[in-house]
Amino acid sequence: MTMDFLYTEDPDTLNDINIALDTVQNPMSGVGIVILKLFSILGSIIGFFGFVTIIFRLSPVILMILILTVLLSYLIMVKAKQYERSRKDDLYKEKRESIYSSSTLSDFQFGKDIRVYGLKNILFSKKVGSDKRLLEITKEIQNQIFKSSTLDGILFFIRESVIYSYLIYKVIYGNLSISDFVMYSVAMNSFAIWMDTTMKDISIIRIQSLYIGDFREFLNKKEPKKILNPINIPKTEKYKIEFDNISFKYPNSERYIFKDFSLVINPGERLAIVGINGAGKTTLVKLLTGLYSPNAGEIRVNGININKFNKEEYLDLLSVVFQDIKIFPFNIRENISFSNTFDEIKLNESIEQSGLKDKIQSLEKGVETNMLKILDEEGIELSGGENQKLAIARALYKNGKILIMDEPTASLDALAENRLYESFDKLISGKTAIYISHRLSSTRFCDKIAFIENGQLQEYGTHDELMKLDSLYANMFNIQSRYYKEDKAYA
Ligand SMILES: Nc1ncnc2c1ncn2[C@@H]1O[C@H](COP(=O)(O)OP(=O)(O)OP(=O)(O)O)[C@@H](O)[C@H]1O
């Protein structure tokens, strides 16, 4: 199944996923148990009429008592199961926390932070905490089940006492023979056990159907809305992007990151997006890539709302270098091309343009070298800057018609950054490009600069225009260049 990206950051959804998986995977819950119990009920339904006829002949009142006590025990059982279900969110939340802490403790990727910051203790205490709460919830559920079972036992005792007292009374004062006594007691016991089991099976089916209902609801809710008659992406080399009066706040948050925000990026234009930390630059990229949708307003590419495109086709249009680079335990070639079949010329070009060529040439197996040590003990770990170059190579290899780079030079050394700027034209090759960087020296390679603050486009224009404006951008630029000059003076 697929789900919108926004749900992947929602803890409730992560809980629902675990519950949904349990419903379909665990043979003792969900679909599996419902099928099992349905067969068991169908198999014993014939016995019901035989028992009823025999006991009714003896005493309709006894039959009523039998049915009533079994029904009562059914209701008690349902109540316990309903309580168990009402605690499932708490249960899965604690389970997730516990699993997260233990898997982080054993994840090599966190090894550095765990050792340097002594994270072992906090992770361990979090795990112990969630395990403790997990135990408490389980205890509360078991307590409820215990109370129900005790009540059920009392009912069973009452039922048996009534039945046997009546049978004994009938033997002593009535005309019931010993053989009839044996026959009726076996019939009544078997009927009680049969009804008890059947009612319990029904209660299990009833409760598990609720879980299945939750699962269905989960599937319906999380499945992204299908776009009916998606519009084909216009075939062209250059694309115009418009953010038209968009407002956006993250799910489960009241704070608007953008409010009535508008911005146009003309075909083939390179736009630098600038702003302080938390201004919303990356959020704008997430909106443009369709990972999130604006709460109001429209994002258009060549005049068409991006929601009207087929999502996969639209994503093909974009080459994005994200701020947080993810490396996979595949070889370098696969980490760049994300495919088994690859275009060697394109691969080599991307590697060269991103500045990764020398590094790869220094490796015995070149692009076939595995990355990370998760699956291969000889796998390599690249430096932060090299990973960044790999992410750029990835975006170049993809060759999307719109290029988005979110802080692509943050980990690059000054030389590599300069080389990247020098080959900027080649990299972008006339495409519409969005460039986010805190290093304002990069803005000189861009046609326009957008300065974002408080969810608004505060300033927009060329570098010279904004410097002349002598306001937010100019202030930030001057502060940065002052430091650069001071650095030079120290050097
Ligand atoms: N998944 C999220 N859920 C809720 N709030 C978020 C989420 N991601 C980001 N935010 C909030 O949105 C605001 C904008 O974040 P964003 O990452 O877009 O800023 P930015 O301008 O790219 O910052 P930086 O320069 O530090 O990279 C921040 O205040 C952040 O706390």
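Why does N245 count as partly exposed? N245 has 14 C-beta neighbours inside 10 Å, so it counts as partly exposed. The scale behind this calls a residue buried if 20 or more other C-beta atoms lie within 10 Å of its own, exposed if 12 or fewer, and partly exposed in between, with C-beta atoms placed from the backbone.

1. Basis of the note. This is a predicted model, in which local features need pLDDT of at least 70, side-chain atom pairs count only at pLDDT 80 or more, and totals for chains, interfaces and linings use all residues. Residues are numbered from 1 along each chain as its sequence is written.

2. Overall form. The chain has a radius of gyration of 34 Å, whereas a compact globule of 491 residues would have one near 23 Å. This radius is taken over C-alpha atoms, and the globule rule is 2.2 Å times the number of residues to the power 0.38. The C-alpha trace spans about 115 × 50 × 45 Å along its principal axes. Of the 491 residues, 25% count as buried.

3. Secondary structure and contacts. The chain holds 17 helices and 10 strands. Helices (H or I, at least four residues) and strands (E, at least two) are DSSP runs, numbered from the N terminus. Among contacts with a separation of 6 or more, 74% join residues 24 or more positions apart. Two residues are in contact if their C-beta atoms, placed from the backbone, lie within 7 Å.

4. Domains. Domain 1 covers 5-220, and domain 2 covers 241-327 + 382-488. These bounds come from an automatic or database domain assignment. The C-alpha centres of domain 1 and domain 2 lie 54 Å apart.

5. UniProt records. An unreviewed UniProt entry lists residues 241-479 as "domain: ABC transporter". In the model, residues 241-479 are 33% helix and 24% strand, with end C-alpha atoms 31 Å apart. For "transmembrane region", UniProt (unreviewed entry) lists residues 34-55 and 61-78. Residues 61-78 are 100% helix and 0% strand, and the end C-alpha atoms of this span lie 26 Å apart. UniProt positions are given in the numbering used here, feature names are shortened, and annotations may be inferred rather than shown by experiment.

6. Helix α3. The 27 residues of α3 (residues 60-86) should span 39 Å at 1.5 Å a residue, and the end C-alpha atoms are 39 Å apart, which agrees. The expected span is 1.5 Å times one less than the number of residues in the helix. Buried residues in α3 include L66, V70, Y74 and M77.

7. In β7 (residues 402-406), 5 of the 5 residues are buried, so the strand is largely enclosed by the rest of the structure. I402, I404 and D406 point one way, while L403 and M405 point the other way. Two strands pair if DSSP finds at least two bridges between them. Strand β6 (residues 318-321) runs parallel to β7 and is joined to it by 4 bridges. On the β8 (residues 432-436) pairing, which is also in the parallel sense, there are 5 bridges to β7. L403 stands opposite S319 and also opposite A433 in β8.

8. Two asparagines to check. N245 lies in strand β1 (residues 241-249) and has a positive phi of about 55° although it is not a glycine. N252 sits in the loop between β1 and β2 (256-265), with a positive phi of about 65°. N252 is exposed, with 10 other C-beta atoms within 10 Å.
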